[in-house]
Amino acid sequence: MSMILFACVVRVRDGLPLSASTDFYHTQDFLECRRRLKTLALRLAQYPGRGSAEGRDFNIHFSSSRDVACMAICHRQCPAAMAFCFLETLWWEFTASYDTTCIGLASRPYAFLEFDGIIQKVKWHFNYVSSTQMESSLERIQEELKFQPPVVLSLEDTDVANGVVNGHPRVTLEPAPNFRMEPVTALGVLSLILNIMCAALNLIRGIHLAEHSLQVAHEEIGNILAFLIPFVACIFQCYLYLFYSPARTTKVVLMLLFICLGNVYLHGLRNLWQILFHIGVAFLSSYQILTRQLQEKQADCGVV
């Protein structure tokens, strides 16, 4: 039977979850314990480096140092030394992978999703490897717990009175939207290069026309805008391909429309082949943007 059911890494100063393991436990008691763990994460700065919140069937253990804390939900039968040895190992793995600047700049929950796999491996090791293979580490942790016992709470203590933490409304952490895109394809790279080329051509022609026309005829302003607006649209197409943006389809259609209308307006300053090239690149970029999808995390992952 697995002793360690769930683990996560959080930032101490604000309780921001940085990474977490997946799990398949959906009992009411476990989900309630997960809720209390999130509440406790918001208050870690108030407690010493190690602590446990004890419940009827599950215990929450946490271990923090500097601005990183590791937390775990374990069966009540799980020895405290084993839980804290696991948390210490996890802390060393995480701090060896990410520096303090990277951790401090994290702005959204679960910003280090790639660390989830390492949490799973460490959790599996402690759940299924014989304790005799970890004997020296467990003995060291047991000695440390004797001289410096962890703070002991009840799960009820983790709830915040009247929904307020340190004078601020209680914060509920929702699932982190995973806005990672699918890998860039070779055709996608080509569309980016061609788009940047078109943007550069539009910008150069627009600036050149502005330098020679504004002092001569104001009617040339339309031609200048017909160069500069597609320039902006091309740059925005590059952004839409590289990064996720809400209402992406609507924005793609608008950028494509601006580029097409601008090039049609420029008939006379550009020949037919030049216009077809710019419009063709715009359609290629639009297709690449719309076919590059979000790389969603598995629906059965337990990060909540």
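User: What should I know before I start?

Analyst: This is a predicted model, where local features need pLDDT of at least 70, side-chain atom pairs count only at pLDDT 80 or more, and totals for chains, interfaces and linings use all residues. Residues are numbered from 1 along each chain as its sequence is written, and side-chain values use heavy atoms, with hydrogens and water left out.

User: Let's begin with charges. How many salt bridges does the structure hold?

Analyst: Side chains of opposite charge can pair when their charged atoms come close. Here a salt bridge is a side-chain nitrogen of Lys or Arg within 4 Å of a carboxyl oxygen of Asp or Glu. The structure holds 11 of them. One of these joins Arg56 and Asp29, with 2.9 Å from N to O. Arg56 sits in the loop between strand S3 (50-54) and strand S4 (58-65), while Asp29 is in helix H1 (residues 28-41), so this pair ties together parts that are 27 residues apart in sequence. Helices (H or I, at least four residues) and strands (E, at least two) are DSSP runs, numbered from the N terminus.

User: Which other residue forms a salt bridge with Arg56?

Analyst: Asp57 does, and the closest N and O atoms are 3.4 Å apart. For accessibility, buried means under 20% relative accessible area, exposed over 50%, and partly exposed in between (1.4 Å probe, protein chains only). Arg56 is exposed at 64%, Asp29 is partly exposed at 35%, and Asp57 is partly exposed at 32%.

User: How does a salt bridge look inside one helix?

Analyst: An α-helix has 3.6 residues a turn, so residues three or four places apart point the same way. Glu144 and Arg140 are 4 residues apart in helix H5 (residues 135-147), which puts about one helical turn between them. Their side chains meet in a salt bridge of 3.0 Å, N to O.

User: Glu88 is in H2. How do I read the length of that helix?

Analyst: The expected span of a helix is 1.5 Å times one less than its number of residues. Helix H2 (residues 80-97) has 18 residues and reaches 26 Å from its first C-alpha to its last, close to the 26 Å expected at 1.5 Å a residue. Its buried residues include Phe84, Phe86, Glu88 and Trp91.

User: Is Asn223 buried or exposed?

Analyst: Asn223 is buried, at 15% relative accessible area, and its place is in helix H7. Contact means heavy atoms within 4.5 Å. Leaving aside residues up to four places away in sequence, Asn223 touches Leu209, Tyr265, Leu266 and Leu269. The C-alpha atoms of Asn223 and Leu269 are 8.7 Å apart, although 46 residues separate them along the chain.

User: And what makes a nonpolar patch?

Analyst: Patches are made of residues with over 30% relative accessible area and no salt bridge: like charges are joined within 9 Å, nonpolar side chains (Val, Leu, Ile, Met, Phe, Trp, Tyr) within 5 Å. The nonpolar patch here includes Val189, Ile193, Tyr239 and Phe277. H6 gives the largest share, 4 residues, and Val189 in that helix is partly exposed at 39%.

User: Which residues does UniProt list for "transmembrane region"?

Analyst: The unreviewed entry lists 184-204, 224-242, 249-266 and 272-290; such positions are given in the numbering used here, feature names are shortened, and annotations may be inferred rather than shown by experiment. In the model, residues 184-204 are 90% helix and 0% strand, with end C-alpha atoms 28 Å apart.

How values were computed:
Accessible areas come from the Shrake-Rupley method with a 1.4 Å probe; for residues, only the protein chains shown count as cover.
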